[in-house]
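Here is a set of questions about how the terms used for a model follow from its values. Each answer sets a value against its cut-off and concludes.

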Amino acid sequence: MKTVEIYQLSDQGEQKVIAVCSLTEETVLCEGDESFVNHLSQNGITDYSQTPRITIFPDAGLHFLEQMKNNFSSGYINASDILDNSEQDEKKMLENE
Amino acid sequence: MTEDGGELLSYGEVVKSKEKDNTQWKFREEKDLQNARFTREVPLKGGTNQVIVVTLDNGGKGIFKPVSGEWTQREFVDIGTYYLRDRAAFLVDRTLNFGLVPTTVVHNAEGKVGSLQEYILDAKMSWHVDQGEYSSLLHKLWIFDQIIWNSDRNYTNILYKENNIFAIDNALTFGPDEINRYGNYFGIDVSEDVVRKIASFAENEQKQAELSEHLLELLSEDEVVACFNRIKHISTLLQSQGSILGEEEIVYNPM
């Protein structure tokens with residue numbers, strides 16, 4: 001499964017994962033800090049690949065995940081690269097069988 | 001008088017450095033940042049360019065963005081210039097006396113050059129506040145972003161703290177890139193305070209000459225000229241009609 005982790009910086013200078021956004025079929029589902037997740041689904045993010053810029057929402061699927069890093073890069077709040085956990089997911093499935 | 005013989009300044013007031021480095025203005029609050037040494041560096045995960053949280057020997061913290069960690073290319077803003085733009089945005093902010101950008105300097109940490117910005121402790125993000133309470137400040141920021149031609153402003157690079165907002169992440173600015181046309185303040189009157197501050201700069205040739213001299217060490221001449229033309233254009237609009245009426249009035253270089 002493709003996921004993006006969102007890190008927020010604490011006053012101690014340490015990063016904490018506040019949400020994880022995952023691609024499920026054609027949309028992105030985010031779990032974690034409720035106010036952040038709600039804000040993200042209501043306000044979307046900027047699509048920097050478009051001219052003029054537009055706002056995209058989780059239903060943009062993979063493209064939404066791809067654009068997260070461009071939006072969350074201030075240091076105070078950062079998004080990871082897209083993490084592909086497909087192999088781990090498969091291993092887990094095999095272990096469970 | 002301060003220890004180095006400079007004048008003791010009020011907030012936002014400017015003097016030229018009497019130190020060997022005459023390339024930067026010296027605001028009282030930026031000297032500590034510029035002279036500080038790093039005692040701890042923690043590179044952060046994620047994001048498009050490298051960001052390092054640094055602990056300073058004066059006990060403070062900063063956000064350091066080394067030029068060597070500028071990785072993401074924009075069409076009209078070259079890699080290797082982002083840290084200079086961060087600094088330039090701070091200088092414009094302080095000269096206009098807007099008070100939006102945390103103190104930002106160009107810092108050379110044992111050969112590692114980059115922008116160093118004051119760390120805002122106890123800051124809140126937009127999803128933790130009622131943005132309606134900050135509408136006047138957000139409107140001022142929107143005007144500021146037109147002036148510095150910010151192609152990157154979004155709700156993740158605005159911090160909120162104690163009835164103030166802080167504009168961080170100002171590196172993708174000044175170049176003729178696609179401006180990020182966020183928000184919709186068209187036709188909404190700008191506060192008199194903001195109108196007055198912009199007019200005060202637009203009508204003061206000495207202030208313009210001083211800012212120009214220092215921006216030219218950070219940006220290209222075309223970028224500085226375009227920025228000044230935008231300030232004058234926006235000042236004219238705000239004085240005559242109170243607001244910016246539509247997108248067609250937002251132009252990279254209006255002269």
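Q: Which residue stands opposite B:V42 in β2(B)?
A: This is a predicted model. In it, B:V53 of β2(B) stands opposite B:V42.

Q: What makes β1(B) and β2(B) a pair?
A: Pairing takes at least two bridges between the strands. β1(B) and β2(B) have five bridges, in the antiparallel sense. They therefore count as paired.

Q: How do you know that β2(B) and β3(B) pair?
A: Four bridges join them, again in the antiparallel sense. The cut-off is at least two, so the pair qualifies.

Q: What joins β3(B) to β5(B)?
A: Five bridges do, and the strands, residues 61-66 and 112-118, run antiparallel. B:F64 has B:L116 as its bridge partner in β5(B).

Q: Why are β1 and β4 of chain B called edge strands?
A: Take the strand order first. The open sheet of five strands runs β1-β2-β3-β5-β4 in chain B, with antiparallel pairing. β1 (38-43) and β4 (104-109) each pair on one side only, and that makes them the edge strands. Neighbouring strands of this sheet are turned against each other by 35 degrees on average, direction ignored.

Q: Why is β2(B) called largely enclosed?
A: A residue is buried if 20 or more other C-beta atoms lie within 10 Å of its own. Four of the five residues of β2(B), residues 52-56, are buried. The strand is therefore largely enclosed by the rest of the structure.

Q: Which strands does α2(B) lie across?
A: α2(B) lies across β3, β4 and β5 of chain B. Against β4(B), the helix runs at about 145 degrees.

Q: Why are α2(B) and α5(B) called roughly antiparallel?
A: They pack at an angle of about 170 degrees, with axes 10 Å apart. Angles over 145 degrees count as roughly antiparallel. The two helices are therefore roughly antiparallel to each other. B:A88, B:L91 and B:T95 of α2(B) meet B:K207, B:L211, B:H214 and B:L215 of α5(B). By class, this contact has four nonpolar, two polar and one charged residues.

Q: How do you know that the length of α3(B) agrees with a helix of 13 residues?
A: At 1.5 Å a residue, residues 135-147 should span 18 Å. The end C-alpha atoms are 19 Å apart, which agrees. After the helix comes B:W149, with a positive phi near 50 degrees.

Q: Which residues of α3(B) are buried, and what do they pack against?
A: Among them are B:L137, B:K140, B:L141, B:W142 and B:F144. The buried residues pack against α2 (82-96), β6 (158-161), β7 (164-167), α4 (192-202) and α6 (221-241) of chain B.

Q: What is the pattern of helices and strands in chain A?
A: Chain A has three helices and seven strands. Along the sequence they follow β-β-β-α-β-β-α-β-β-α. Of its 97 residues, 31% count as buried. The C-alpha atoms fill a box of roughly 45 × 35 × 20 Å.

Q: How many residues of chain A are in contact with chain B?
A: 25 residues of chain A are in contact with 29 residues of chain B. A contact requires C-beta atoms within 7 Å. β1 (2-9), α1 (34-43), α2 (62-71) and β6 (77-79) of chain A each supply at least two residues of that side. α1(A) gives the most, with four. By class, the chain A side has eight nonpolar, 14 polar and three charged residues.

Notes:
Residues numbered from 1 in each chain as written. Chains lettered and ligands numbered in written order. Predicted model: local features only at pLDDT ≥ 70, side-chain atom pairs only at ≥ 80, totals over all residues. Expected span 1.5 Å × (residues − 1). Buried ≥ 20, exposed ≤ 12 C-beta atoms within 10 Å, placed from the backbone. Contact = placed C-beta atoms within 7 Å. Nonpolar A, V, L, I, M, F, W, Y, C, P; charged D, E, K, R; others polar. Axes fitted to C-alpha atoms, helices over the stretch in contact; angles between N-to-C directions. Parallel < 35°, antiparallel > 145°, perpendicular 65-115°, else oblique.
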